[in-house]
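Please walk through the fold shown below, one region at a time. The text begins with a single loop residue and then turns to the sheet, the charged pairs and the surface.

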Amino acid sequence: QELDALEIETVQKETIHPRKSYKMNSSCADVLLFAAYKWPVSKPSLLTDSNDQFDAGSTNKYWIDVQLRWGDFDSHDVERYARAKFLDYTTDNMSIYPSPTGTLIAIDLAYNLF
């Protein structure tokens, strides 16, 4: 019922490299969503951005990558970390993402930030 409301046709758990959490220079998707229809997408933005414009095209695949992180005392800015990693991972050739559109969710376990 929730899948219909979100226009999701299929949810697929991706095969994850057993050392994903140890490899900080590449990543992969944890979950892949397939749309029943096309979803409009925006340019990369932070969770707190309120002026997203969904004019970057549309897609029928969307990945989710969850990053667990043990915080850095000098930098509590998990949002900047997530944005930097998202841009790094989507532009390198070592990371394996099944489509160009997705979300990287970073959770700081030490400082309880996301």
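**A loop residue, then the fold**

Lys43 is exposed, because its relative accessibility is 58% and the cut-off for exposed is over 50%. The model is predicted, not experimental. Lys43 lies in the loop that runs between strand E2 (31-40) and strand E3 (58-69). Leaving aside residues up to four places away in sequence, Lys43 touches Gln53 and Ala56. Asp55 is 12 residues from Lys43 along the chain, and the C-alpha atoms of the two are 7.9 Å apart.

Next comes the chain as a whole. It contains 2 helices and 4 strands, and these elements follow one another from the N terminus as α-β-β-β-α-β. Of the 114 residues in the chain, 30% are buried. Among contacts with a separation of 6 or more, 64% are between residues 24 or more positions apart.

The strands form an open sheet of 4 strands with mixed pairing, in the order E1-E2-E3-E4. Strand E1 (8-13) and E4 are the edge strands, each pairing on one side only. On average, and with direction ignored, neighbouring strands in this sheet are turned by 25 degrees against each other.

E1 and E2 run antiparallel and are joined by 5 bridges. E2 and E3 are also paired in the antiparallel sense, over 6 bridges. One residue can be followed across both of these pairings. Phe34 in E2 stands opposite Thr10, and the bridge partner of Phe34 in E3 is Lys61.

Which helix packs on this sheet, and which strands does it touch? Helix H2 (residues 78-91) does so, touching E3 and E4. The direction of H2 makes about 140 degrees with that of E4.

**Charged pairs**

Side chains of opposite charge can pair when their charged atoms come close. In this model the count comes to 2 salt bridges. In one of them, Asp108 pairs with Arg69, and the closest N and O atoms are 3.7 Å apart. This pair links distant parts of the chain, since Asp108 is in strand E4 and Arg69 is in strand E3, 39 residues away.

Another salt bridge joins Arg80 to Asp77, with 3.8 Å between the closest N and O atoms. Here Arg80 counts as exposed because its relative accessibility is 54%. Asp77 has a relative accessibility of 32% and therefore counts as partly exposed.

**Surface and backbone**

The accessible surface of the chain comes to about 8,000 Å², and carbon and sulfur atoms account for 55% of it. Where on this surface do nonpolar side chains form a patch? The patch is formed by Val66, Leu68, Trp70, Ile105 and Leu109, which together have about 530 Å² of accessible area.

Ile105, one of the residues of this patch, belongs to strand E4 (residues 102-108). Ile105 has a relative accessible area of 35%, so it is partly exposed.

A last point concerns the backbone. Most residues other than glycine have a negative phi. What is the phi of Glu7? Glu7 has a phi near 60 degrees, a positive value in a residue other than glycine. Glu7 sits in the loop between helix H1 (2-5) and E1.

Definitions and conventions. Residues are numbered from 1 along each chain as its sequence is written. This is a predicted model: local features need pLDDT of at least 70, side-chain atom pairs count only at pLDDT 80 or more; totals for chains, interfaces and linings use all residues. Side-chain values use heavy atoms; hydrogens and water are left out. Buried means under 20% relative accessible area, exposed over 50%, partly exposed in between (1.4 Å probe, protein chains only). Contact means heavy atoms within 4.5 Å. Patches are made of residues with over 30% relative accessible area and no salt bridge: like charges are joined within 9 Å, nonpolar side chains (Val, Leu, Ile, Met, Phe, Trp, Tyr) within 5 Å. Accessible areas come from the Shrake-Rupley method with a 1.4 Å probe; for residues, only the protein chains shown count as cover. A salt bridge is a side-chain nitrogen of Lys or Arg within 4 Å of a carboxyl oxygen of Asp or Glu. Two strands pair if DSSP finds at least two bridges between them. Axes are lines fitted to C-alpha atoms, for helices over the stretch in contact, and angles run from 0 to 180 degrees between N-to-C directions.
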